[in-house]
Amino acid sequence: MHLAQNTQTRRSIAIVGAGQAGLLLGCGLLDQGYAVTMVTNRTAEDVWNGKVMSSQFIFDPALQIERDFRMNQWEKDCPATDGISFSIPMPDGSGNKAMHWHARLTAPGQSVDQRVKMPGWMKEFVARGGDLRFEDVGVEQLEALSREHELVLLAGGKGEIVNLLGRDESRSPIKQPMRQLALTYVTGMKRHDYYECVNFNLIPGVGEYFVFPALTTHGANGTQACDIMVFEGVPGGPMDCWGDVRSPEQHLAKSLEILKTFVPWEYERSRDCQLTDANGILAGRITPTVRNAVLTLPSGRKVFGMGDAVLVNDPITGQGSNNATKGAKHYYDAILARGDQAFDEAWMRQTFDALYNGYAEKVVRWTNSLLFPPPEHIVKLLGTAQQVPSIASRIANGFNDPRDYANFWFDPADTDRLIDTEMQKLAA
Ligand SMILES: Cc1cc2nc3c(=O)[nH]c(=O)nc-3n(C[C@H](O)[C@H](O)[C@H](O)COP(=O)(O)OP(=O)(O)OC[C@H]3O[C@@H](n4cnc5c(N)ncnc54)[C@H](O)[C@@H]3O)c2cc1C
């Protein structure tokens with residue numbers, strides 16, 4: 001049994017923000033005997049009845065962390081996604097594919113709408129003995145929390161408050177949003193004739209369109225299966241076109257218009273789709289940002305950032321919730337390993353740097369690389385994947401743990417080496 005349960009007074013930890021990062025860590029720590037206070041600015045009802053915030057696709061290694069923390073309540077209900085498909089349309093506007101491949105993931109991934117998941121996890125947090133409070137936290141509240149707790153974590157996602165952490169310019173090479181984002185949650189999509197995939201459509205100069213199955217609200221028994229359309233438009237390009245959309249109906253119509261124009265094979269299976277609900281839509285932009293991990297309050301006390309508060313990526317690679325999950329596990333391990341020693345600034349910096357240098361930096365680098373037109377060696381790699389299934393599989397399974405891309409994605413010599421090796425194996 002962990003030390004926190006053996007000591008006379010339980011170690012007390014406060015977490016600001018009931019999202020993927022905060023709730024996972026909070027519930028994990030409750031299981032280990034810590035006293036955890038969670039302060040968040042939206043109630044379960046607010047979240048359930050509110051707008052979608054994400055497409056939150058989670059790959060198996062992060063799903064495994066949820067399982068290990070007993071936080072996989074929707075695993076049986078949520079459609080499983082078994083692979084990644086990749087398509088590029090012909091440049092001539094004919095509507096045909098210039099490139100297409102699909103490859104199985106080693107284990108399926110899933111997307112549970114945060115409107116379903118976070119209210120469920122809040123309930124779970126309270127059931128495990130957590131103290132859940134609703135308040136919009138500012139500096140004053142952080143000061144109060146830091147007086148009452150041994151450690152305060154800021155897991156406020158994209159909330160204003162996280163800007164207090166300050167941007168780490170040396171780790172944030174991209175200075176402005178690189179995509180106009182939009183989400184459309186729909187029912188009624190026809191299935192394609194291979195296994196369920198995160199379907200990645202790359203439209204050169206225009207942007208990317210992703211679509212995959214998910215579990216959302218508004219079903220007969222509370223939840224229902226749906227598909228999430230994710231649009232990533234190059235700013236100023238033809239997919240950066242949401243400014244004049246005034247209603248959910250117009251949002252759906254715009255989504256279908258984009259599909260019809262640029263990825264007609266996706267339009268064919270989507271033409272009869274309906275919105276899941278009027279809140280199943282979103283449009284916005286994100287500047288990829290790494291923030292400083294430690295905030296010093298006016299009193300001199302320290303607050304430790306986690307999740308999107310410190311690491312926000314463009315969703316193009318679908319890694320944010322995965323990072324938040326893996327980061328929560330990393331912090332959990334570090335908190336347990338700390339025993340009864342103080343959670344001081346040096347420990348916070350060491351903990352974040354180990355996460356960044358050992359994992360997140362590689363995800364940031366790969367994600368940022370996809371925001372620029374693919375260099376020649378990547379076009380060659382993606383094209384070769386059409387003929388060589390082992391290369392398609394290697395690319396697909398990199399989404400599980402993007403550190404593998406460091407072996408073949410960035411340096412043309414590494415890419416060539418992979419292509420030669422796999423082609424020789426295929427020929428043998
Ligand atoms: C369009 C889009 C698509 C995405 N698709 C994917 C995907 O497919 N796969 C993937 O892995 N990731 C995806 N992401 C990213 C993913 O959603 C985030 O990385 C993830 O939700 C981060 O979790 P978090 O816990 O750090 O923050 P959040 O989940 O945002 O939680 C933050 C919490 O803090 C609360 N809060 C904020 N400010 C305050 C305050 N002042 N006081 C109290 N509480 C506060 C909020 O209400 C919220 O509960 C996507 C993001 C976007 C925008």
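Author: Start at Ser-55. A polar atom of the Ser-55 side chain sits 2.6 Å from a nitrogen atom of the ligand. Keep in mind that this is a predicted model.

In total, 35 residues surround the ligand. Asn-41, Ser-54, Ser-55, Asp-308 and Ser-321 are the closest. Backbone atoms take part as well. A backbone N or O atom of Ser-321 is 2.7 Å from an oxygen atom of the ligand. At Gly-318, a polar backbone atom lies 3.1 Å from a ligand oxygen atom.

The backbone oxygen of Ser-55 is reached by the side chain of Ser-111 at 2.7 Å. Where is Ser-111 found? Look in strand β5, which covers residues 97-111. Ser-111 counts as buried, because its relative accessibility is 0% and the cut-off for buried is under 20%. The side chain of Ser-111 also makes a polar contact of 3.1 Å with the side chain of Gln-56. Leave out residues up to four places away in sequence, and Ser-111 still touches Ser-55, Gln-56, Phe-57, Cys-78, Phe-212, Pro-213, Ala-214, Leu-215 and Ile-228.

Some of those partners lie in an annotated stretch. UniProt lists residues 157-269 as "domain: Styrene monooxygenase StyA putative substrate binding", in an unreviewed entry. Over residues 157-269, the chain is 19% helix and 35% strand. The end C-alpha atoms of that stretch are 34 Å apart.

Go back to Gln-56. Gln-56 is in the loop between α3 (44-49) and β3 (57-58). Is Gln-56 buried or exposed? Gln-56 is buried, because its relative accessible area is 5%. Its backbone deserves a look too. The phi of Gln-56 is positive, near 40°, and Gln-56 is not a glycine. Most residues other than glycine have a negative phi. Arg-70 is also a non-glycine residue with a positive phi, of about 55°. You will find Arg-70 in the loop between α4 (60-68) and β4.

Stay with strand β5 for a moment. His-100 is found in β5. The side chains of His-100 and His-102 are joined by a polar contact of 3.0 Å. A polar atom of the His-100 side chain lies 3.5 Å from the backbone oxygen of Phe-86. Not counting residues up to four places away in sequence, His-100 touches Ser-85, Phe-86, Ser-87, Tyr-194 and Gln-386. How far apart in space are His-100 and Val-52? Their C-alpha atoms are 30 Å apart, and 48 residues separate them in sequence.

Among the elements over the buried residues of α12 are β4 (81-89), β5, α11 (376-387) and α13 (412-427). Helix α12 spans residues 389-398. Its buried residues are Ile-391, Ala-392, Ile-395, Ala-396, Asn-397 and Gly-398.

Arg-115 has its place in helix α5, residues 114-127. Arg-115 counts as buried, because its relative accessibility is 2%. A polar atom of its side chain lies 3.3 Å from the backbone oxygen of Gly-50. Beyond neighbours within four places in sequence, the contacts of Arg-115 include Val-47, Trp-48, Gly-50, Lys-51, Val-52 and Tyr-185. Thr-216, Thr-217, Thr-276, Asp-277, Asn-279 and Gly-280 also touch Arg-115.

Last, return to the ligand from another side. Ser-321, one of the closest residues to the ligand, falls within helix α9, residues 320-337. Helix α9 has 18 residues and reaches 25 Å from its first C-alpha to its last. That is close to the 26 Å expected at 1.5 Å a residue. Why is α9 described as largely enclosed by the rest of the structure? The reason is that 13 of its 18 residues are buried. After α9 comes Gly-339, with a positive phi near 60°.

The largest nonpolar core has 68 residues, and Leu-25, Leu-153 and Ile-335 touch the most other members. Leu-25 touches Ile-15, Leu-153, Met-306, Ala-328, Tyr-331, Tyr-332 and Ile-335, leaving aside residues up to four places away in sequence. A second, separate core has 42 residues, including Ile-174, Ile-316, Phe-399 and Ile-419.

Terms used:
Residues numbered from 1 in each chain as written. Predicted model: local features only at pLDDT ≥ 70, side-chain atom pairs only at ≥ 80, totals over all residues. Heavy atoms only, no water. Core = buried A, V, L, I, M, F, W, Y, C linked by side-chain atoms within 4.5 Å. Buried < 20%, exposed > 50% of the residue type's maximum accessible area, 1.4 Å probe, protein only. Contact = heavy atoms within 4.5 Å. Helix = DSSP H or I, 4+ residues; strand = E, 2+ residues; numbered from the N terminus. Polar contact = N/O pair within 3.5 Å; in protein donor to acceptor, adjacent residues only side chain to side chain. UniProt positions renumbered as here; feature names shortened; annotations may be inferred. Expected span 1.5 Å × (residues − 1). Near = heavy atom within 4 Å.
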